[in-house]
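Biologist: I would like to learn how to read this structure. Please take one feature at a time.

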2 protein chains.
Amino acid sequence: MAATAADVLSRPAPPRRQWWRMWLVGRPLHTADAPHQAIGKAVGLAVFASDNLSSTAYATQEILLVLALAGPLAFRYVFPISVAIVALLVIVAVSYEQTIHAYDGGGGAYIVARDNLGELPAQIAGGALLTDYVLTVSVSVASGVAQLTSAYPGLFRWRAVISIALVLVIMVINLRGVKESGRIFAVPTYFFIFAMLVTLATAFFRHFAGTLGQVVNPPPLEVHVEQRAVTAFLLMHAFANGTTAVTGVEAISNGITAFREPRSRNAGITLVWMAAILGLMFLGMSYLANPIGAIPSEAETVVSQLARTAFGGRNVFYLATIGATTAILVMAANTAFADFPRLSAIQAADGFLPRQLTYRGSRLVYSRGIIVLALVASLLIWVFDASVSGLIPLYCIGVFMSFTLSQAGMTRRWWKVGRLAAGAEVMEQGSVLRHDPRWALKMLTNGVGALVTAAVTVAFAVTKFREGAWIIVIIVPTLVVTFFAIHRHYRELAANLSLEDFGSPARVRRHRVILPVSGVHRGTVQALRYARGLSDDVTAVYVSLDPAAAAKVQEKWWRWGNGLRLVVLDSPYRLLLEPLVDYIKKIADLREPNESITVVVPQFVPRKWWHQLLHAQTAAMLRFALINHPGIVITSVPYQMTREPGRRPPG
Amino acid sequence: MAATAADVLSRPAPPRRQWWRMWLVGRPLHTADAPHQAIGKAVGLAVFASDNLSSTAYATQEILLVLALAGPLAFRYVFPISVAIVALLVIVAVSYEQTIHAYDGGGGAYIVARDNLGELPAQIAGGALLTDYVLTVSVSVASGVAQLTSAYPGLFRWRAVISIALVLVIMVINLRGVKESGRIFAVPTYFFIFAMLVTLATAFFRHFAGTLGQVVNPPPLEVHVEQRAVTAFLLMHAFANGTTAVTGVEAISNGITAFREPRSRNAGITLVWMAAILGLMFLGMSYLANPIGAIPSEAETVVSQLARTAFGGRNVFYLATIGATTAILVMAANTAFADFPRLSAIQAADGFLPRQLTYRGSRLVYSRGIIVLALVASLLIWVFDASVSGLIPLYCIGVFMSFTLSQAGMTRRWWKVGRLAAGAEVMEQGSVLRHDPRWALKMLTNGVGALVTAAVTVAFAVTKFREGAWIIVIIVPTLVVTFFAIHRHYRELAANLSLEDFGSPARVRRHRVILPVSGVHRGTVQALRYARGLSDDVTAVYVSLDPAAAAKVQEKWWRWGNGLRLVVLDSPYRLLLEPLVDYIKKIADLREPNESITVVVPQFVPRKWWHQLLHAQTAAMLRFALINHPGIVITSVPYQMTREPGRRPPG
């Protein structure tokens with residue numbers, strides 16, 4: 001009955017690939033190689049923490065930028081606001097640590113919302129996260145290039161071009177596969193942590209020793225001072241801008257499956273380390289911004305101002321810090337390159353995105369998702385001319401929306417856990433619910449997290465609406481509607497294709513064949529021969545633009561047509577396709593049950609591809625025109641052209 | 001045996017068209033309507049003379065521009081040079097008048113060269129003419145817009161946009177058909193002739209009355225004076241620039257078939273009138289340029305300078321003249337829109353251009369040629385930013401090359417006529433050679449024409465090579481090579497398709513069917529049913545990326561597969577198409593004579609076009625991959641998706 005291919009063909013060799021493709025992404029990997037790609041804690045921190053850690057490079061600056069609206073005196077609020085943001089960080093991190101242990105198969109906001117809240121919240125989380133991953137790439141790369149242009153102002157006018165080139169480099173590295181990209185990214189992540197800690201330590205030492213001083217030649221304040229008073233709205237706006245520091249916390253919980261066993265434990269420890277390092281660096285930066293008199297500016301970043309103040313000029317230490325910051329920001333985009341394709345593959349497997357996104361490429365990565373992300377992020381960079389301050393208002397809303405849904409889902413989950421008897425364990429929606437005596441505390445933790453992040457989301461939408469948040473308010477619902485449209489299609493498809501209640505169809509009784517001809521030549525004769533092999537009921541059809549040509553065709557048909565019928569359709573308006581399509585449709589509409597209609601199209605295949613331009617593509621156009629009409633099967637009988645024509649073998 | 005469609009279908013009604021298409025180009029015309037589109041002398045002059053007559057608007061100016069290199073004193077050579085150009089015009093016009101009578105079916109340079117000199121000269125003439133028609137559109141429209149911006153300098157920065165918009169308007173008018181466009185163009189052509197004659201008459205009257213004076217506030221001289229002496233090279237260069245006035249003479253001989261009967265006589269009279277009017281206007285302009293002190297400039301045309309001097313300011317007469325000049329220049333492009341599609345259709349019918357160009361659209365015009373011309377001309381305008389002086393160096397070389405070939409061909413033809421006995425008449429190459437006692441005089445006329453135009457062509461290439469003529473020196477040979485490559489393809493095709501010595505092929509003995517399946521569902525079962533209708537030798541093939549999925553497919557196949565064989569191809573590198581294609585090719589390579597192999601592809605047809613994006617296009621890709629492999633027939637069995645799925649009728 002069924003046979004494996006082994007008896008016909010041997011096991012296939014690695015497929016042939018173009019040399020440049022081999023050089024760019026490496027040799028194809030066998031499916032069996034997949035498990036070897038898992039990573040440990042140290043590489044995991046490098047892969048998944050760079051987004052989170054790198055936000056210290058712009059979070060302080062973006063807070064200052066809002067405070068500047070009330071004049072430089074308002075800058076003193078930057079540290080208290082940063083403390084509040086770190087408190088938020090702690091809440092979010094604790095909440096995600098709980099999630100990682102509950103979902104060891106990957107517990108991003110999408111999965112948690114899907115399993116505990118339902119389809120709509122899950123798709124909202126999915127849409128919000130995908131949007132934000134794109135922005136992570138754009139903002140991080142743009143900010144990385146801004147560090148570079150702080151040190152080398154001559155590059156400022158090329159910032160969009162440099163940024164897009166970097167996005168494409170990261171794309172290629174990711175197409176090579178997660179382990180190799182993890183290794184590449186480990187160096188800059190640790191170099192950044194080291195450089196940042198040295199900078200902060202130097203600055204604090206000199207600060208307490210009283211030798212730090214202020215920024216020499218600070219950049220001019222570009223912001224127009226709009227108000228004298230520091231209002232609650234302004235503080236809320238500054239807080240919202242600063243929460244960019246919290247983005248990226250979810251990266252690890254989305255990527256648990258990339259970790260080595262025990263996955264949950266490794267991922268959890270990595271998360272705690274990440275949050276601790278981030279909190280330390282961010283508070284240090286924000287604390288020092290005031291004493292040194294840092295000014296938020298597109299021309300020179302706050303990191304650059306701090307580093308040259310701490311190290312006393314644009315020396316080698318300064319350049320090392322700038323280099324490390326640029327590197328981690330560019331690499332931070334990599335977090336999104338790990339998560340965007342993974343999330344879109346999950347959504348595609350659930351039937352809310354095109355199925356093609358679940359397909360793993362030659363290097364076992366979701367190559368299509370990687371390419372889509374790179375293209376959309378490059379487009380954004382191009383539109384916003386690589387301006388970080390221009391992109392920031394769009395950023396973070398998606399992340400906080402997904403935080404809220406994730407933690408609301410976890411709260412609901414703990415509620416269900418609380419209903420379980422001691423020691424009980426139930427399987428629900430693919431994850432295990434196990435009784436936990438501390439369920440109430442955990443529910444409270446996630447509940448508080450949900451409320452706080454919901455408040456932040458609202459604060460965002462309100463304070464940054466006019467600056468660009470409205471774009472996200474349009475995009476996320478549009479994405480959600482699209483997801484459901486795609487889902488409806490796949491559901492309909494499954495119902496259409498289901499073999500439930502499907503009686504085995506009867507055999508074809510009558511087989512009519514229609515053979516459109518453009519003339520009588522070898523191609524036609526070959527197709528006619530094939531058509532006669534299918535059925536005895538063959539009708540040739542010719543569309544006549546010119547009676548003289550039609551008469552010639554009829555005469556030749558008399559000789560070569562094997563006595564079969566030739567219908568000539570007059571076309572006084574010089575249309576070729578339409579009369580033919582109308583004729584075939586009329587025949588098809590008159591068909592009886594168990595009657596099959598096949599259109600046999602002689603298709604001429606030229607030797608060179610560009611020769612196709614020299615022919616009306618009747619076969620392709622006929623297929624396109626008839627494909628939606630039920631009950632018509634279209635057969636192409638190719639006739640390949642040879643260089644030295646002669647008597648062809650009749651096979 | 002053969003039957004007309006009358007017994008199946010009634011005569012088709014005019015085809016349905018989108019409303020915007022009806023509004024833009026009008027209702028479709030029946031083929032039988034064609035003869036009614038012929039035009040008389042008056043409309044013929046408007047359609048075919050506008051290119052020629054309108055060159056007076058820039059010819060004088062382009063002569064002055066070259067003379068300016070030797071300083072304004074050299075301007076006095078403009079009239080003698082213009083007289084030489086009018087002498088050239090007379091030679092060319094007399095020569096073409098002879099051609100029109102010899103070739104009453106359309107006697108363009110291409111046909112004359114083809115019939116008398118052979119394929120290569122004909123294709124050179126064709127390539128040169130097509131290039132020049134494109135330039136006619138670009139130069140005329142750009143110059144028309146230059147008149148407009150002389151009167152309204154505020155529009156200067158929009159000149160490229162305005163020019164391209166005008167090209168598209170002319171395109172649409174031409175897509176409506178030649179008679180209607182003839183009528184539309186008659187008004188501006190006659191208005192221009194009238195306005196120009198009034199301007200010249202006024203200027204001459206005031207000149208001889210001594211009240212004309214000089215141009216008030218002439219535009220600054222933009223040319224850098226390079227040399228003191230007036231050299232022979234400079235005069236030759238100025239002459240070459242001025243010969244733009246002669247372009248367009250050939251238009252009538254190309255378009256004889258558009259004339260009402262007696263075609264040759266009507267066309268010949270129109271040609272004489274055209275040359276006379278042109279000569280008069282051009283000499284008048286060039287004579288007056290000196291006394292009024294006209295300055296060649298991109299900012300204000302010489303026509304504008306003359307008109308405001310003659311009429312004493314920017315009054316209503318001035319504006320009417322400028323308006324008429326703009327109108328005729330824009331309309332001049334129409335000459336090329338009549339000739340380019342006609343010539344390309346002739347070349348296509350000879351097999352040197354894609355056959356699609358011979359196809360007449362719904363309004364009986366060669367719509368594809370019209371669209372190609374508009375697009376290429378718009379591109380040129382965009383590249384040269386609508387600068388007439390930038391385009392002029394490319395212009396005219398093609399025309400003079402074709403003049404030379406045409407007249408060389410006519411010379412050869414009179415030589416053959418001279419060999420005939422008195423009263424003899426022979427048919428050669430589709431035209432009639434009739435004894436003519438004055439053959440020697442006519443041969444001499446055409447011979448002189450050939451020599452003179454050859455000399456002008458060389459003068460052109462030499463004097464304007466560095467300015468841009470080199471582009472044409474590259475393009476024309478490239479086109480000729482392309483024409484011959486296309487011709488070789490069509491010749492090979494004809495040989496491949498010829499039924500000469502082609503034995504009627506034997507009937508198919510064995511019919512193998514391969515059915516690629518992506519799963520077992522209704523679409524597969526329908527396709528299987530069809531495949532079984534074709535042959536008892538059916539093999540289903542499944543590409544397995546995942547053993548679990550493969551096992552499921554095998555199990556379902558056991559139930560629905562009618563006992564037919566299922567081959568499972570393992571694909572450890574996660575490729576879908578390649579293993580399938582390799583398998584099918586191996587089977588095909590092993591086939592015996594008289595064995596036919598059909599690949600039956602279940603093709604899923606979604607309800608909405610965008611749903612196609614949600615599916616891997618396996619059917620289309622398989623067809624693409626296998627089309628070049630001999631002996632494989634590809635059949636698509638469409639499975640249309642319905643909104644309300646259920647038990648489908650088995651038909």
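**Reading the chains and their helices**

Modeller: In chain A, of the contacts between residues at least 6 apart in sequence, 80% join residues at least 24 apart; contact means heavy atoms within 4.5 Å. This is a predicted model, in which local features need pLDDT of at least 70, side-chain atom pairs count only at pLDDT 80 or more, and totals for chains, interfaces and linings use all residues. Residues are numbered from 1 along each chain as its sequence is written, chains are lettered from A and ligands numbered from 1 in the order in which they are written, and side-chain values use heavy atoms, with hydrogens and water left out.

Biologist: How many helices and strands are in chain A?

Modeller: Chain A has 22 helices and eight strands. They are DSSP runs numbered from the N terminus: H or I of at least four residues for helices, E of at least two for strands.

Biologist: What percentage of the residues of chain A count as buried?

Modeller: Buried means under 20% relative accessible area, exposed over 50% and partly exposed in between, with a 1.4 Å probe and protein chains only. Of the 651 residues of chain A, 57% count as buried.

Biologist: Is T309(A) buried or exposed?

Modeller: T309(A) is buried, because its relative accessible area is 7%. This residue belongs to helix α12 (residues 302-310) of chain A. Beyond its neighbours within four places in sequence, T309(A) touches R206(A), L212(A), G213(A), Q214(A), V215(A) and I292(A).

Biologist: How are two packed helices described?

Modeller: By the angle between their axes and the distance between the axes. Axes are lines fitted to C-alpha atoms, for helices over the stretch in contact, and angles run from 0 to 180 degrees between N-to-C directions. In chain A, helix α13 (residues 316-349) and helix α14 (residues 367-383) pack at about 120 degrees, their axes 8 Å apart.

Biologist: What is the angle between α4 and α16 of chain B?

Modeller: Helix α4 (residues 78-102) and helix α16 (residues 397-419) of chain B pack at an angle of about 55 degrees, with axes 11 Å apart. α4(B) and α16(B) are therefore oblique to each other. Among the residues in this contact are L88(B) and Y96(B) of α4(B), and F403(B) and W414(B) of α16(B).

Note on methods: Parallel < 35°, antiparallel > 145°, perpendicular 65-115°, else oblique.
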